[in-house]
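Opening the notebook on this one.

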Amino acid sequence: MNSPALSSRRTWLTLGLAALAFGALPGASAWVARKAVPEPESDFCLVAPPTPYDPASGLALDAARAVPKDARCPVCGMYPSRSPDWAAQIIFANGDVQFFDSPLSLFMYLGDVARYSPGRSAREIVAHYVTDIPSRSWVAARSAFYVTGSSAKGPMRAGNLPAFASPDAARQFAAQRGGKVLAFADVDAALVAQLGGQGGHAH
């Protein structure tokens, strides 16, 4: 007959071996570590640093620049170089530039610069450019024309306001793909919010 003391020792030995075995299981320590570390905040944001001006480029301080492969959109975190038909950019007074995956992201950024680039303000912006869809060349954002409501889907799979250098090109696009042609000033906060929600640009 086992004594109470012997039974107690066996119980503790069993528990100790089980604990050792669990610790030896693949992934066990990772599971424990995950439980010990709090979950990240759901509103975590990626801060995309601007690309500084390179005096050796020979470009004017406010001139449009080629999109670097590693540049990230400060609104959604995507790589604008992967979507050259849709890319956009803004340039600050000191020559820093932020690149965007689409005109929509550019408009979202302009609506709340401090949110996407803490410490910056819209007053510091000296130029902004969008890509003319037909030519893939840069055009000043304020002089461009945009199509909303077309069947064309941009990088975020939403109607990301394809841009055109001329109103005729924009109207031709809208006739083929649907949608309405807008000037820069016609792209208001309500439309940007609507399209941003469709494209999942939460940030």
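This is a predicted model: local features need pLDDT of at least 70, side-chain atom pairs count only at pLDDT 80 or more; totals for chains, interfaces and linings use all residues.

Buried means under 20% relative accessible area, exposed means over 50%, and partly exposed is in between, with a 1.4 Å probe and protein chains only.

Residues are numbered from 1 along each chain as its sequence is written, and side-chain values use heavy atoms, with hydrogens and water left out.

Which residues have the most contacts inside the largest nonpolar core? I get F100, Y109, V130, Y146 and V187, in a core of 27 residues. Strand 1 (88-92), helix 3 (103-111), helix 4, strand 3 and helix 6 (189-198) are the elements that give two or more residues to this core. Helix 3 gives the most, with five residues. Helices here are DSSP runs of H or I with at least four residues, strands are runs of E with at least two, and both are numbered from the N terminus. As background, nonpolar side chains tend to be buried together in soluble globular proteins.

**Overall layout.** I count six helices and seven strands in the protein. Along the sequence they follow the pattern α-α-β-β-α-α-β-β-β-β-α-β-α. Of the 203 residues, 37% count as buried. I also checked contacts (heavy atoms within 4.5 Å). Among those between residues at least 6 apart in sequence, 62% join residues at least 24 apart.

**Helix 3.** Is helix 3 enclosed or open? Seven of its nine residues are buried, so helix 3 is largely enclosed by the rest of the structure. The buried ones are P103, L104, S105, L106, F107, M108 and Y109.

**Pocket.** Next I looked for open space. A pocket, on a 1 Å grid over the protein atoms alone, is an open set of points where a 1.4 Å probe fits, with protein on both sides within 12 Å along at least five of seven lines; lining residues have an atom within 4 Å of a point. The largest pocket has a volume of about 270 Å³, the volume being the space filled by probe spheres set on the points, which are joined across faces, edges and corners. It has 15 lining residues, and the closest to its centre are F107, M108, L110, G111 and V192.

Helix 3 turns up again, with the largest share of the lining at four residues. Helix 3, helix 4 and helix 6 each supply at least two lining residues. By type, the lining divides into nine nonpolar, two polar and four charged. The classes are Ala, Val, Leu, Ile, Met, Phe, Trp, Tyr, Cys and Pro as nonpolar, Asp, Glu, Lys and Arg as charged, and the others, Gly among them, as polar.

**Cysteines.** I searched the whole structure for disulfides (pairs of cysteine sulfur atoms within 2.5 Å) and found zero. C73 is in none, with the sulfur of C76 as its nearest cysteine sulfur at 3.8 Å. C73 is buried at 1% relative accessibility, whereas C76 is partly exposed at 22%.

**Positive phi.** R136 has phi near 60° and sits in the loop between strand 3 (125-132) and strand 4 (137-140). L161 has phi of about 55° and sits in the loop between strand 5 (145-148) and strand 6 (163-164). R136 is exposed at 53% relative accessible area, while L161 is buried at 0%.

**Buried serines.** S83, in the loop between helix 2 (28-36) and strand 1, is buried at 14%. Leaving out residues up to four places away in sequence, S83 touches D101 and P155. S121, in the loop between helix 4 (113-116) and strand 3, is buried at 18%. With neighbours within four places in sequence left aside, S121 is in contact with F92 and V113.

How values were computed
A nonpolar core is a set of buried Ala, Val, Leu, Ile, Met, Phe, Trp, Tyr and Cys residues joined through side-chain atoms within 4.5 Å.
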